[in-house]
Amino acid sequence: MSGLYIHIPYCHSKCAYCDFYSTPRADTVPAYIDAMIEELRMRKDEISSEPLTTIYLGGGTPSSLPVSQLAKLMEAIGHSFDTSSVIETTIEVNPEDVTPEFLKDVKALGFNRVSMGVQSLSDTELQAVGRRHTAEEALTAIGLVASAFKNYNVDIIFGLPYQTLGSLTSTLDRILTFRPPHVSAYLLSYEPGTRLYAALMASKVREISDSEAEEMYSYVSSRLNQAGYCHYEISNYALPGYRSRHNSAYWKLKPYLGLGASAHSFDGDIRRYNPSSIKSYIEAINAGKCCYIIDEEADWQKFNDMILVSLRTSDGILLSSLESWPERFAVDFMSQLQPLISGGNVINDNGAIKIPQEKWLTSNAVMRELILSY
Ligand code: SF4
């Protein structure tokens, strides 16, 4: 199995917390789509050893594009790949773009999964982070998506300015009335360079404490578990049969090709990174050149990548899988593991090494203890 990720770096406006590469200036959209189609033609063989099984249009805000441009892109994908094995085709959308017509159009283009950034159902919280939609508009959009798509995801954020456990409870309760098949819940982070970070530095907003974050995280996790969702990755919850196949493939280190400015790729061995500049990206592709940078990783760094992605998930690391790595990596990993198991920070669950779910929010510290350095 392999995946195709397409990065759409356009948004109607910039949210206060966002450090993803995106711009509100849409004048380059046609040239950008043409460049991605050309990049697709140039690089499709990077993942040709495995059948293409998932396609994901992320951003940015893919739903901000004209449907004609989305159609052009999807047609080019159909010409470049055998799509007969594709089981999941996702488009990220924002509530303000969701209309019955839009959903009908994207369905006709082959999308069978929608991922929507709702973030909160409190207008105060939405305004505090510069979201363009209201709670009411988000509810209407969820209803429209729910009636058009069987498979969809709703993103929420916890730790927002002015958010309380009570308002988070209200947001989650109202979302769960739709019983979305998948929910992603992220802890707000204050990234340098964002408007929210500047507001924090100017003491205009307050970052929640670690104990408040843990309280919200464990509330979301237990509420969704009680409602029948499986907490299968640090930030992701799914009803049976609705895990994100595309993202799950990332965590299983399956190959994927990422197209567009700032997109990452992994061919099963080597990681490549495109530049975070629409202008440089279009210029390079128009000159007939791929513009990625290759991440020159030693084998032990690839082993660390495996640790970092696997321990994010409820599947963890199968001890039997260590046999495919050089023996000294497995030996050093096991010796670093023992004190963490004794301290209860890691468990051996029938041959799978896992971080207990109640410790996932602080899993970075555990992972730091486990990664190798030579
Ligand atoms: S819509 Fe998404 S990608 Fe765009 S600015 Fe907001 S958070 Fe960032």
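Glutamate 215 is partly exposed, because 15 other C-beta atoms lie within 10 Å. The classes work as follows: 20 or more other C-beta atoms within 10 Å of a residue's own make it buried, 12 or fewer make it exposed, and counts in between make it partly exposed, with C-beta atoms placed from the backbone. Glutamate 215 sits in helix H8. Helices (H or I, at least four residues) and strands (E, at least two) are DSSP runs, numbered from the N terminus. The C-alpha atom of glutamate 215 is 49 Å from that of histidine 79, and 136 residues separate the two along the chain.

This is a predicted model: local features need pLDDT of at least 70, side-chain atom pairs count only at pLDDT 80 or more, and totals for chains, interfaces and linings use all residues. Residues are numbered from 1 along each chain as its sequence is written.

Now the overall layout. The protein chain splits into domain 1 (2–250) and domain 2 (299–374), with bounds from an automatic or database domain assignment. Their C-alpha centres lie 29 Å apart. Across the boundary, 10 residues of domain 1 are in contact with nine residues of domain 2; contact requires C-beta atoms, placed from the backbone, within 7 Å. On the domain 1 side, helix H8 (210–226) and strand S7 (230–233) each supply at least two residues. H8 gives the most, with five residues. By class, the domain 1 side has five nonpolar, three polar and two charged residues. Here Ala, Val, Leu, Ile, Met, Phe, Trp, Tyr, Cys and Pro count as nonpolar, Asp, Glu, Lys and Arg as charged, and the others, Gly among them, as polar.

Next, a helix pair. H1 (residues 29–43) and H2 (residues 67–80) pack at an angle of about 10°, with axes 10 Å apart. The axes are lines fitted to C-alpha atoms, for helices over the stretch in contact, and angles run from 0 to 180 degrees between N-to-C directions. H1 and H2 are therefore roughly parallel, a label for angles under 35 degrees. H1 contributes residues including Val29, Ile33 and Leu40, while H2 contributes residues including Leu73, Ala76 and Ile77. The contact has nine nonpolar, two polar and two charged residues.

Then the cores. In soluble globular proteins, nonpolar side chains tend to be buried together. A nonpolar core is a set of buried Ala, Val, Leu, Ile, Met, Phe, Trp, Tyr and Cys residues joined through C-beta atoms within 7 Å. The largest such core holds 73 residues, of which Met116 and Val145 touch the most other members. Beyond four places in sequence, methionine 116 is in contact with residues including Val93, Ile142, Val145 and Tyr152. A second, separate core has seven residues, among them Ile234, Leu311, Val346 and Ile353.

Phenylalanine 303 belongs to helix H11 (residues 299–310). Phenylalanine 303 counts as buried because it has 20 C-beta neighbours inside 10 Å. Outside four places in sequence, phenylalanine 303 touches Trp325, Phe329 and Leu372.

Finally, some backbone details. The peptide bond from glycine 59 to glycine 60 is cis, with omega near 20°. Glycine 60 lies in the loop between strand S2 (52–59) and H2. Leucine 253 is not a glycine, yet has a positive phi of about 60°. Leucine 253 lies in the loop between helix H9 (245–251) and strand S9 (256–259). Serine 262, also not a glycine, has a positive phi of about 70°. Its loop runs between S9 and strand S10 (264–266).

Key. Angles under 35 degrees count as roughly parallel, over 145 as roughly antiparallel, 65 to 115 as roughly perpendicular and the rest as oblique. Two residues are in contact if their C-beta atoms, placed from the backbone, lie within 7 Å.
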